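This report covers a single protein model.

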Amino acid sequence: EEPQPPIVPSCPLPAKICDVVRTERPRSCCGMAMAGLRTAKYQLPEWHRRNAGVYYKAFTVGEEAERGRAEAKHLVKQAAASAQRAQQYSKNTLGQRLQDIQFWRTELQKEIMELDAETNLLAAQKLRLERALDATEVPYAVVIDNLECRDRRQPPDLVIDQVERQLLKEAELIRDIRDLLKRTIIQATTQIRSNRIQKENCELDWSDKVETYHIDDKCISYCPDSTNVQSHPSSVKFEETASTPKSWAQFSHDNIASAEQEKLASVQLRALINSIIHDASEDLRLQRAAVSEAFDCHLRELAEAKLRLEQHLQQILKDIGEEEANIVNLKKAIRDKEAYLKVAQTRLYDRSFRPNVELCRDEPQFRLVSEVEELTVFLEALKRKLMESEQNLKNLEETRMKLEKEIAVKANSIFIDRQKCMGYRLRYPVDLEVASYK
């Protein structure tokens, strides 16, 4: 506050009392006669007394005026000095205020630039997340296509093997990665929005500081000789909504602290995004290697099984040829034995017409009967063997058909796994982390 000018108390002059000795004049007899001539006149002592009073009054007024002029001159000097001191103090206060405003304005501007740079970096990381999310579409489509292709395997090979388990695991992994990337994109979007809101708050505060700086800078340039100053009696008041220096500084401090907090959260989120993309890329790479290894192992098993089936088929075809030749031999042997049997039976038949005593059970008769019985036994054995051989041939043919079908199934499985699945997996992105930059 401006110091009040000192008040010099006025000292009243001592009252001067003039005592006039009343003249004791004798009463004369002519007084009454002269009464008409003395009505409007003063006595000489009264005249002197009155003049003395006038002189004293003039002297008193002069001294009072001189003392007032001295006091006025002193008050003018004191008021001028006080005004100069007050104005200089106000100017110094405004200068200090300008320094404070400049300090906070610089801090706010620095925070705005850093927060803007951090927001741009986070936006770039968000773009990486979006590109990584887009890059997961191809692996997911590849996995789904592999599963659908392997569903077209024929029933003997339509099993839940290690490849199937690894493909299902890979599909689940890609879905989890896609969900994680989507959640992280939402989190990054929210953080970018928070960064921009806090940046806007700092910019508003900075803008107010700039405007205030210009106002105070204009105020500090005012002087009594300025032509753009005028009276504003109503301005000498404090607004009810006005802040205090402490709350004013705390407001900017809170804005900067909030900006620092958002910036720190943004930095941590960027590190988290790097970790997520790197871990997701590594998980996909490892799972892709596991699927490829499962495919290679299964293809080797299929190739070995197909080779064994082909070897068995070759043996079966050889057995079929031998069995067919055996059947031909058996049929020829039966025909030959039937010819011998016919001969023996014809002999017996013809010898049955021997007359009278000639119809004798001689040695030839017993031999022929024995021959027929022997040939009959062999024919029955050959016919049974022929039936067994024909059944064996039928079994061999059925086995051949099964083996050919199994070989076709294995060939189809190998075609699906090698040509369809493995060929389509060549479109699998090499690295998700690299894809996030493209």
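## Fold and basis

Helices (H or I, at least four residues) and strands (E, at least two) are DSSP runs, numbered from the N terminus. From that end on, the elements of the protein run α-α-α-α-α-α-α.

The model is predicted: local features need pLDDT of at least 70, side-chain atom pairs count only at pLDDT 80 or more, and totals for chains, interfaces and linings use all residues. Residues are numbered from 1 along each chain as its sequence is written, and side-chain values use heavy atoms, with hydrogens and water left out.

## Surface and contacts

The accessible surface of the protein is about 30,300 Å². Carbon and sulfur atoms hold 57% of that surface. Areas come from the Shrake-Rupley method with a 1.4 Å probe; for residues, only the protein chains shown count as cover.

Of the 438 residues, 27% count as buried. Buried means under 20% relative accessible area, exposed over 50%, and partly exposed in between (1.4 Å probe, protein chains only). Contact means heavy atoms within 4.5 Å. Among contacts between residues at least 6 apart in sequence, 91% join residues at least 24 apart.

## The largest pocket

The largest pocket has a volume of about 850 Å³. A pocket is an open set of points on a 1 Å grid over the protein atoms alone, where a 1.4 Å probe fits, with protein on both sides within 12 Å along at least five of seven lines; lining residues have an atom within 4 Å of a point. Grid points are joined across faces, edges and corners, and the volume is the space filled by probe spheres set on the points.

The lining of the largest pocket has 26 residues. Ser90, Leu94, Cys219, Ile220 and Tyr222 lie nearest the pocket centre. Helices α2 (44-135), α4 (162-220) and α5 (245-351) each supply at least two lining residues. α2 gives the most, with eleven. By class, the lining has eleven nonpolar, twelve polar and three charged residues. Here Ala, Val, Leu, Ile, Met, Phe, Trp, Tyr, Cys and Pro count as nonpolar, Asp, Glu, Lys and Arg as charged, and the others, Gly among them, as polar.

Glutamate 111 lies in helix α2. Glutamate 111 is buried, at 3% relative accessible area. Not counting residues up to four places away in sequence, glutamate 111 touches Ile256, Ala259, Glu260 and Lys263.

Threonine 119 also sits in α2. Its relative accessible area is 4%, so threonine 119 is buried. Leaving aside neighbours within four places in sequence, threonine 119 contacts Ile192, Asn195 and Arg196. Phenylalanine 251 is in α5 and is partly exposed, at 47%. Phenylalanine 251 and aspartate 205 are 46 residues apart in sequence, yet 8.8 Å apart in space, C-alpha to C-alpha.

## Aromatic pairs

The structure holds two aromatic pairs. Rings of Phe, Tyr and Trp (its six-membered ring) pair if their centres lie within 6.5 Å; planes under 30 degrees apart count as stacked, over 60 as edge-to-face and the rest as tilted. Phenylalanine 103 and tryptophan 104 form an edge-to-face pair, 5.2 Å centre to centre with 75° between the planes. Phenylalanine 103 is partly exposed, at 46% relative accessible area. Tryptophan 104 is buried, at 14%.

Tyrosine 349 and phenylalanine 353 have ring centres 5.0 Å apart and planes at 85°, so this pair is edge-to-face. Tyrosine 349 is exposed, at 52% relative accessibility. Phenylalanine 353 is exposed too, at 54%.
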